[in-house]
Amino acid sequence: MKLILLGAPGAGKGTQAERIAAKLGIPTISTGNILREAIANGTEIGLRAKGFMDQGQLVPDDVIIGIVRERLSQPDCAKGYILDGMPRTIPQAQALEDAGIHFDCVVSMEIDDAVIERRMTGRRVCLACGASYHVEANPPKTADVCDHCGKPLSVRKDDAPETVRSRLAVYHRETEPLKGFYEKLGNLKLVDGNQPIADITAAILRAIGA
Ligand code: AP5
Ligand code: MG
């Protein structure tokens, strides 16, 4: 199973990717998490990405395409994977197709812009393993501690309200057109992202026939 989760910032891509990956036994590849790790480690890619991310802008396509091609060539991807946060532009989607990487299903998680700000203000993330929580909708077992790896949780720098507004504008301009791209390829499914977390997981599993 090769699956793409599309959706606005805060649509729940990371939350659902984690749940579906555990269910199907395949890895999740989150470009956002890879970039945050690169920034934390001070790598060259991290230094290049940081300014774009802090302003809610997209990191250049060539950086992303390089990262993802390298990641998909690793052995744990042989049986399939879930892409979370990539592709985000038509050139990124085209680069995957040109590399002969085709997807069984592209799920777009549809959510109203008004719901997003509430989700972002309550989000807490684990910078060590990438897990994502919400103080009310999906709290960790112990406040501010990751259930998976026990590391402290933090607030993402780009969740400040003005940065969230930039990210939403970028989503509508650059990423939403991907729905038309995949509709033409015949593998697009729409799922209502305004539901409770478990209901969305069930809807995605139905959409992908799992
Ligand atoms: P990235 O990390 O991908 O961020 P994003 O797309 O903006 O999405 P988020 O991670 O903010 O939201 P999500 O959909 O994963 O929601 P989550 O599950 O956490 O990218 C960050 C930046 O990196 C970009 O701005 C860009 O600069 C760069 N970048 C990354 N990939 C790139 C690419 N391909 N090209 C160029 N640049 C790239 O949920 C959000 C919150 O809501 C959580 O608190 C969660 O617990 C809660 N929640 C989830 N579902 C529900 C629900 N159903 N009900 C109630 N609460 C819920
Ligand atoms: Mg995410």
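**Exercise 1. In which order do the five strands of the open sheet lie, and which strands are at the edges?**

Step 1: The order of this open sheet is β2-β3-β1-β4-β7, with parallel pairing. Strands here are DSSP runs of E with at least two residues, and helices are runs of H or I with at least four, numbered from the N terminus. Two strands pair if DSSP finds at least two bridges between them.

Step 2: β2 (28-30) and β7 (188-192) each pair on one side only, which makes them the edge strands.

A word on the model: it is predicted, so local features need pLDDT of at least 70 and side-chain atom pairs pLDDT 80 or more, while totals for chains, interfaces and linings use all residues. Residues are numbered from 1 along each chain as its sequence is written, and side-chain values use heavy atoms, without hydrogens and water.

**Exercise 2. Over how many bridges do β4 and β7 pair?**

Step 1: β4 covers residues 105-110 and pairs with β7 in the parallel sense over five bridges.

Step 2: For one residue in detail, take Glu 110, whose bridge partner in β7 is Asp 192.

**Exercise 3. Which geometry does the pair of Tyr 81 and Phe 103 have?**

Step 1: Rings of Phe, Tyr and Trp (its six-membered ring) pair if their centres lie within 6.5 Å; planes under 30 degrees apart are stacked, over 60 edge-to-face, the rest tilted.

Step 2: With 6.4 Å centre to centre and 75° between the planes, Tyr 81 and Phe 103 are edge-to-face.

Step 3: Tyr 81 sits in strand β3 and Phe 103 in the loop between α5 and β4, 22 residues apart. Both are buried (under 20% relative accessible area; exposed is over 50%, partly exposed in between, with a 1.4 Å probe and protein chains only).

Conventions. Chains lettered and ligands numbered in written order.
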